[in-house]
Amino acid sequence: MNVVVCVKQIPDPAEPGQLDPETKTLKRDGKLILDESDSYGVEMALQLVDTAGGGEVTLVSMAPNSEVGGIRTALAMGAAKAILVSDPALAGTDSLGTAKVLAAAIKRAEPDLVLTATESSDGYTGTVPEQLAGLLDLPSVTFAKQIAVGDGKVSVQRQTEQGFDDVECPMPAVVSVTAGVVEPRYPSFKGIMAAKSKPVDELTVADLGLDAGSVGWAGGQQEIVDVSAAEARQAGEIIEDEGEAHLKIVEFLDQLKVL
Amino acid sequence: MALSTVWVLAEEREGKVLPITLEMLAKAREIADNVEAVLGGDATAVAAELGAHGVTKVHATGDLAGALPGVPVAAAMAAAIEGGASPDLIMFGTTYDGRDIAGRLSAKLDRTVITNNVDITVDGDSIVVVEPVFGGSTNVSTKFSAAGPHLALFRPKSFEPAESGGGPAEVASLSVPDLGNSGGATITERHVEEREGPSLDDAAVVVSGGRGLGESDKYEMIEQLAKLLKAAPGASRAIVDAGWVPYSYQVGQTGKVVKPTVYLAAGISGATQHMVGMKGSKNIIAINKDAEAPIFSIADLGIVGDVHKVLPKLIEALQARG
């Protein structure tokens, strides 16, 4: 079984995010890493291929500048190869443009299953999985917390507000995976070494047969008109607990008449 | 100048319209002359409630026969629009189904969708939505620059619901076209995870625990405290991901947005993901060992201390009061 996993390379979330004053979008000129949200999809895909007893995991990613740091991490986990769409024209691409690019790249891989995260940790729009499925004209299931494959269909436990639903879906399909559902493996030393020689097929927007005007700033249907500081919440009283801090909490709750 | 017609994606559970839908309807009435709803399901039980919140007409697909709503509802909306319906704007709630339907419709109509919004303003032809970023410290305002219909998702609790006193909404049938290859995801069984106590949506007090609790069994302290305060127990994403508590407990960007009178955060450092979900609380109490934890920057009462010492004493003090 062949599985494609969409992976995003993002600025390290441990560093404070900044907006580019010119473009008013997230600055992404530093080192990029594999979005942790995507590591669950990679792990899930590796397990599914393993269970199926054959096939491979292909990564699909896009970046304006040939960045591969995050992709190498996923290759080191065990993915076989990657398709990276890299083109300066991609700068400023919105979620629909992203889905167009990923869909065009995924078509080349002819997968049985496409896995994504539910949302990225930097842009967190959360709409790309369904946009992607729509453009590929595939069925889809979002928010999967468990996936099993068999008889040409995928069985998913889909998280809901109240609990979860069992969902069945014919394949090929697009499935988005929630965080925390599997334990992503750490790349072994052998895996890290092997990742260096795994193929990364780098393509431009034109290679995919897409019009550069349909992606990036040119293809955007939105314009950022203002960026401003939100009304700040004032910090109140901060005290060090020396054994009596709980009384302070009781007093505070009393004042608010919630006791 | 107001918009002519706005569609709001309506969602219901067991014949009751979800709060997020009512919140969006209140805002929609402010910015549009005519507010209509779209419902993936049967509208009989909710036409009156939707009408009372200002909906003139509800476009309903009828029973979806177990299909996940993303594909059929988006296909039905797209077909209606191609058939001549022309909403200026379609508002979706940030819910599981809201995101699915908006994403599918975006691909069908080749229209961008702007997500995570907390506000919207209309000035002439210009529709601007506001999205908080960096844990809510910065607001980004974005204008739709292409032709409509414009698609936007809104976070729960961004607007106050308000009745308009209208009569029941007219119910119009919204037919689902042939879905071809993309249909076929079907719900075979639903599982409801029971939660104890009041819900995160309604509780006046929310008590949440995070990684600082150390071990999963320490979450019992949160539940005990919640019971004493008649509060809803909540959690940070870290301990939900770690499997200590079910997802339905999660407060934050990808979980529940809460606005209680009091929010007590125990052992939560205040990752932006979490802060987005609770900073609208009227009063915030935080207990954390690390004096530098970001949560203290928004807490009305911050206790720099060990949750394992403070919580048991707090529980004892509250028990003593009966």
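User: How many helices and strands does chain B have?
Analyst: The model is a predicted one. In chain B, the secondary structure consists of both kinds of element, with 8 helices and 18 strands.

User: Why is chain B described as compact as a globular protein of its length?
Analyst: The C-alpha atoms of chain B occupy a box of roughly 65 × 45 × 40 Å along the principal axes. For 322 residues the globule rule gives 20 Å, and chain B is as compact as a globular protein of that length because its radius of gyration is close to that value, at 21 Å.

User: What area do chain A and chain B bury between them?
Analyst: The interface brings 77 residues of chain A into contact with 85 residues of chain B. On the side of chain A, Tyr124(A), Gln221(A) and Arg233(A) lose the most area to chain B, together 12% of what that side buries. Of the area buried between the two chains, 54% lies on carbon and sulfur atoms, and the total is about 6,900 Å².

User: Which residue of chain A forms a salt bridge with Arg321(B)?
Analyst: The rule finds 10 salt bridges across the interface of chain A and chain B. In the one formed by Arg321(B), the closest N and O atoms are 2.9 Å apart, and the partner is Asp254(A).

Methods:
Residues numbered from 1 in each chain as written. Chains lettered and ligands numbered in written order. Predicted model: local features only at pLDDT ≥ 70, side-chain atom pairs only at ≥ 80, totals over all residues. Heavy atoms only, no water. Contact = heavy atoms within 4.5 Å. Buried area = accessible area lost by both parts, 1.4 Å probe. Salt bridge = Lys/Arg side-chain N within 4 Å of Asp/Glu carboxyl O. Helix = DSSP H or I, 4+ residues; strand = E, 2+ residues; numbered from the N terminus. Rg over C-alpha atoms; globule rule 2.2 N^0.38 Å.
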